[in-house]
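This briefing describes the fold of one protein chain for a reader who has the sequence and the structure at hand.

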Amino acid sequence: MSIKQVLVVDDEPDICELLGITLQRMGIEAVTTTRLSGALALLDQQSFDLCLTDMRMPDGDGLELVQHIQRHCPELPVAVITAHGSVDTAVRALQMGAFDFVTKPVNLPLLRRLVDNALRLERPSVQASIAQATAPDDGNSPLLGQSQAMRQLRATVAKLARSQAPVIVLGESGSGKELVAREIHRLGPRSDQPFVPVNCGAIPSELMESEFFGHQKGAFTGAIQNKAGLFREAHGGTLFLDEVAELPLALQVKLLRALQERAIKPVGANREEGVDVRVLSATHKDLGDEVDRGHFRQDLYYRLNVVELRVPPLRERPDDIPELTAHILRDIAGQWQLPGLALSPAALDRLRGHHFPGNVRELENILERAAVMVDGAVIDADLLVFPDRNRNSGSAPMPVHHGVCLDDHLAEQERRALEAALAQAAGNRTAAARALGLSFRQMRYRLKKLGID
C-alpha cells in the first residue's frame, strides 16, 4: 500500500513543521511550501492525496489555490486553514469547492479527523464523474426515479458527499428531504459514524439548549445525571436539523457559535468541548423570507446555506410514479406478510393525474389505504382515495369534540370497538374481524395503526 502524500501550504514555517510532524505520526508524508507559486509548481510536478492550505501567502491567497485545484485537479480534496474569527473566508472556500476547514490555533485532534475523512474519499476519474451525472440509478440509492430531475439530484448528492460543507435541503413537505440528507451521509467519508436527525419543531423551547448541547448533573432542577446532547451524539458523523426554520432566536445564537467554533458548552459546564460534526439542515419554508421577517438570523442563514439543494416535488416528475409505486407496494407486502401487490393500468393513470400536494408521503398513504381495502393482488382505480385537503391557508381548524381533536375522538371510538370485539371473541382476531364486518387484513391494519396488541 503506497504512502499517502499531503501538500501543506502555509507562510509560517513553524506551522508547516507542526503539520508535517502531525501527518508523519499518522503515517502520511507531508510536502510543504510557504508560497502560492511553490504550491502551483508542486501540483504540476506530482499528484497528492490532500492539500492543506493557509489563506494568507506572500504571493497570493488560499482562495486562488482552491480555484486552481477545482479547475485543474477537482478530484483532489483541499482543506483551508483560517485565522480565528475568519469563518466567512472559510465559508467562501467551501462554496468554491473546498472539502473542509480548520481554524488557527489548529486543534490537532480535529485536524487528524479531517485528514482521515479526506483520505477516505474515493477519487473518481473524469470519465466516472461524467457517467455518474448521466447514468440511471444503480439500485443502491434510495432516491428513486429515472426522470431528469432525479438523475440530476443523485449526481448532486454524490458530489456533495465528497465535501464537508453545510448543505440546506429545500423542498415541500413529504418530498424526501431527510432521505436526501441520509444519502449524502451514506455516500460520504462519515458513513460509518452516526447520522443523528432532529426535528427542530418538536423540541420544547425550554429544553432545546440541553437537547442540543447537553448538560451536567445538577445544572438545573431535574438534571440528575450528565446528558451528552445531540452534537456529542453526532460527533464524527452528521447532525441533520429538520425544519430548522422552527428554531427560536435564542438558540440560533448558540447554534451559530457551535458551528463557527466547532465547540459546544453543555449547560452547567465551565468550558467548551470540541466537536466534529457535519451539519445538514432542511426546511419547507423560504428561509430568505424568514430572515426578512426577523424570524431567522441572517448570519446563521449564511452559515447553514453554504450549498442549497432543492428536492423536486412529485408533480414535477410524474414519470417516476410507476417505479415509486412498485417500491412502496413491495414494502407494504413485506411488512404485512402479503403476496405481491400491483396497480391496474387505470389506477396507475389516476395516480399520474393527481397533483400530490403531500408528495411521496401522500403517495405512500394512498397506497397503504388501498392495500388495506383490496381483496386480491391488483389494486384498481376505485380503491385509490385521495385526501380532501383544503389548500387554502386560511381554512378552518380541525373540528373538536369536547376539547378533543376530531381525529383523536374517532380513533378512540375505533379503539373501543376493536377491543370490545376482541374481548367478545376471546382474543380471536379472525372472529373479531368477522363480527365487525372487516377482512382479516383490514383488522390487522387497524390494530397495528392503533397500537393494540
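In this predicted model, Asp49 counts as buried because its relative accessibility is 19%, and the cut-off for a buried residue is under 20%. Asp49 is located in the loop that lies between helix 2 (36-45) and strand 3 (50-54). The C-alpha atoms of Asp49 and Leu76 are 6.3 Å apart, although 27 residues separate the two along the chain.

**The chain as a whole**

- The chain contains 19 helices and 18 strands.
- Of its 453 residues, 46% are buried.
- Among contacts with a separation of 6 or more, 69% are between residues 24 or more positions apart.

**The sheet with strand order 2-1-3-6-7**

- Five strands form this open sheet, in the order 2-1-3-6-7 and with parallel pairing.
- Its edge strands are strand 2 and strand 7, each of which pairs on one side only.
- From one strand to the next, the twist averages 20°.
- Strand 1 (residues 5-9) and strand 2 (residues 29-33) run parallel and are joined by five bridges.
- Between these two strands the chain passes through helix 1 (residues 13-25), and this β-α-β crossover is right-handed.
- Val9 has Thr33 in strand 2 as its bridge partner.
- Strand 1 is also joined to strand 3 by four bridges, and these strands run parallel.
- The bridge partner of Val8 in strand 3 is Leu52.
- Helix 5 (residues 108-119) packs on the sheet and touches strand 3, strand 6 and strand 7, with its direction at about 140° to that of strand 3.
- In a regular strand, side chains alternate between the two faces of the sheet.

**Helix 4 and its surroundings**

- Helix 4 (residues 87-96) has buried residues at Val87, Thr89, Ala90, Val91, Ala93 and Leu94.
- These buried residues pack against helix 3 (62-72), strand 6 (78-82), strand 7 (100-103), helix 11 (249-261) and helix 13 (298-304).
- Helix 4 lies across strand 6 and strand 7, and its direction is at about 165° to strand 7.
- Gly97 follows helix 4 and has a positive phi, near 120°.

**The sheet with strand order 9-10-13-8-14**

- Another open sheet has five strands in the order 9-10-13-8-14, and the pairing is parallel.
- Strand 9 (195-199) and strand 14 (307-310) are its edge strands, since each pairs on one side only.
- On average, neighbouring strands of this sheet are turned by 20° against each other, direction ignored.
- Strand 8 (residues 167-170) and strand 14 run parallel, joined by four bridges.
- Ile168 has Glu308 in strand 14 as its bridge partner.
- Helix 8 (residues 177-187) lies across strand 8, strand 9, strand 10 (238-242), strand 13 (278-283) and strand 14, and it runs at about 160° to strand 9.

**The pairing of helix 14 with helix 15**

- Two packed helices are described by the angle between their axes and the distance between the axes.
- The axes of helix 14 (residues 321-336) and helix 15 (residues 345-352) come within 10 Å and cross at roughly 115°.
- The crossing of helix 14 with helix 15 is right-handed.
- At the contact, Ile321, Pro322 and Thr325 of helix 14 meet Leu348, Leu351 and Arg352 of helix 15.
- By class, this contact has four nonpolar residues, one polar and one charged.

How values were computed: Residues are numbered from 1 along each chain as its sequence is written. This is a predicted model: local features need pLDDT of at least 70, side-chain atom pairs count only at pLDDT 80 or more; totals for chains, interfaces and linings use all residues. Side-chain values use heavy atoms; hydrogens and water are left out. Two strands pair if DSSP finds at least two bridges between them. A crossover is right-handed if, with the strands pointing away from the viewer, the path from the first strand over the helix to the second runs clockwise. Buried means under 20% relative accessible area, exposed over 50%, partly exposed in between (1.4 Å probe, protein chains only). Axes are lines fitted to C-alpha atoms, for helices over the stretch in contact, and angles run from 0 to 180 degrees between N-to-C directions. A crossing is left-handed if the near helix is turned anticlockwise from the far one by less than a right angle, and right-handed if clockwise. Contact means heavy atoms within 4.5 Å. Ala, Val, Leu, Ile, Met, Phe, Trp, Tyr, Cys and Pro count as nonpolar, Asp, Glu, Lys and Arg as charged, and the others, Gly among them, as polar.
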